Amino acid sequence: MQVSSCMQVASPAKPTPPDTHQRLLAAAARVFARNGLEGATTREIAREAGVNEVTLFRHFHTKAKLQDAVMEWVLDQQAELLAAQPAASPCDLRAGLLRHVHIYEALLDQNILLIRTLISEIHRHEEHERRVLTGIFAPLRAELIATLEAARNVGMVRADVEPAIAADLLNSMIFTASLRRDSPYPPWEYSRADYVKSCVDVFVRGIEQKG
């Protein structure tokens with residue numbers, strides 16, 4: 001029995017490339033950072049990823065679920081970055097602090113646009129901001145507090161220094177500088193490296209046990 005040449009057999013659905021999901025997440029992170037969580041559209045995100053909007057919805061169903069997925073993706077990336085860093089030396093406080101600052105700066109550089117967006121839209125997306133800011137930076141903050149506690153226990157840091165407060169002071173200096181560095185204003189008269197060195201120098205002199 002011959003099949004009529006006019007009869008068309010439906011072709012199987014074209015499989016989605018395995019990297020499409022990651023491309024959509026990366027594209028969404030860029031568009032969210034550029035346009036805000038409210039201003040970003042699924043159409044623009046799909047175009048940024050090089051796919052059609054139907055593909056986006058096939059992967060994430062709704063814009064809200066896409067936002068959740070982007071936050072988890074960002075957190076996973078940062079966890080991998082932190083896990084890859086060498087351990088700090090417990091005997092060299094200054095070197096340990098410089099290590100912390102460099103990692104902290106790297107995290108800020110990778111996420112500064114998204115962080116700016118979340119800060120500007122905190123009244124609408126408090127949960128997203130909490131997840132990103134605490135999820136990305138809380139483990140690093142905890143590690144810094146532990147480093148300062150250990151240094152205090154062996155007499156390198158004064159006994160009256162509260163490690164949590166000291167950690168937040170150092171992080172605030174770096175965080176503020178990263179926000180300013182990302183602004184459209186003219187560059188500062190000093191280099192990034194000089195700023196970091198000065199921050200650590202001032203910080204250590206303020207908390208170290210003399211003699």
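**Figure 1. Overview of the chain.** From the N terminus on, the elements of the chain run α-α-α-α-α-α-α-α. The secondary structure thus listed comprises eight helices and zero strands; helices (H or I, at least four residues) and strands (E, at least two) are DSSP runs, numbered from the N terminus. This is a predicted model, in which local features need pLDDT of at least 70 and side-chain atom pairs count only at pLDDT 80 or more, while totals for chains, interfaces and linings use all residues. Residues are numbered from 1 along each chain as its sequence is written, and side-chain values use heavy atoms, with hydrogens and water left out. Of the 211 residues of the chain, 38% count as buried (under 20% relative accessible area, with a 1.4 Å probe and protein chains only).

**Figure 2. The crossing of helices α2 and α3.** The axes of α2 (residues 42-49) and α3 (residues 53-60) come within 8 Å and cross at roughly 100 degrees. Axes are lines fitted to C-alpha atoms, for helices over the stretch in contact, and angles run from 0 to 180 degrees between N-to-C directions. The two helices, α2 and α3, are therefore roughly perpendicular to each other (65 to 115 degrees). Thr42, Arg43, Ile45 and Ala46 of α2 are in contact with Glu53, Leu56 and Phe57 of α3, where contact means heavy atoms within 4.5 Å.

**Figure 3. Helix α2 and the residue that follows.** Thr42, Glu44, Ile45, Ala46 and Ala49 are the buried residues of α2. Just after α2, Gly50 takes a positive phi of about 80 degrees.

**Figure 4. The largest nonpolar core.** A nonpolar core is a set of buried Ala, Val, Leu, Ile, Met, Phe, Trp, Tyr and Cys residues joined through side-chain atoms within 4.5 Å. The largest such core has 29 residues, of which Leu97 and Leu148 touch the most other members. The elements giving two or more residues to this core are α5 (93-120), α6 (126-153), α7 (163-181) and α8 (192-207). Helix α5 supplies the largest share, eight residues.

**Figure 5. The surroundings of Leu148.** When residues up to four places away in sequence are not counted, Leu148 touches Leu93, Leu97, Val157, Pro163, Ala166, Ala167, Phe203 and Ile207.

**Figure 6. A second core.** A second, separate core of 23 residues includes Phe32, Leu37, Ala46 and Leu114. Ala46 is also among the buried residues of α2.

Technical notes:
Angles under 35 degrees count as roughly parallel, over 145 as roughly antiparallel, 65 to 115 as roughly perpendicular and the rest as oblique. Buried means under 20% relative accessible area, exposed over 50%, partly exposed in between (1.4 Å probe, protein chains only).
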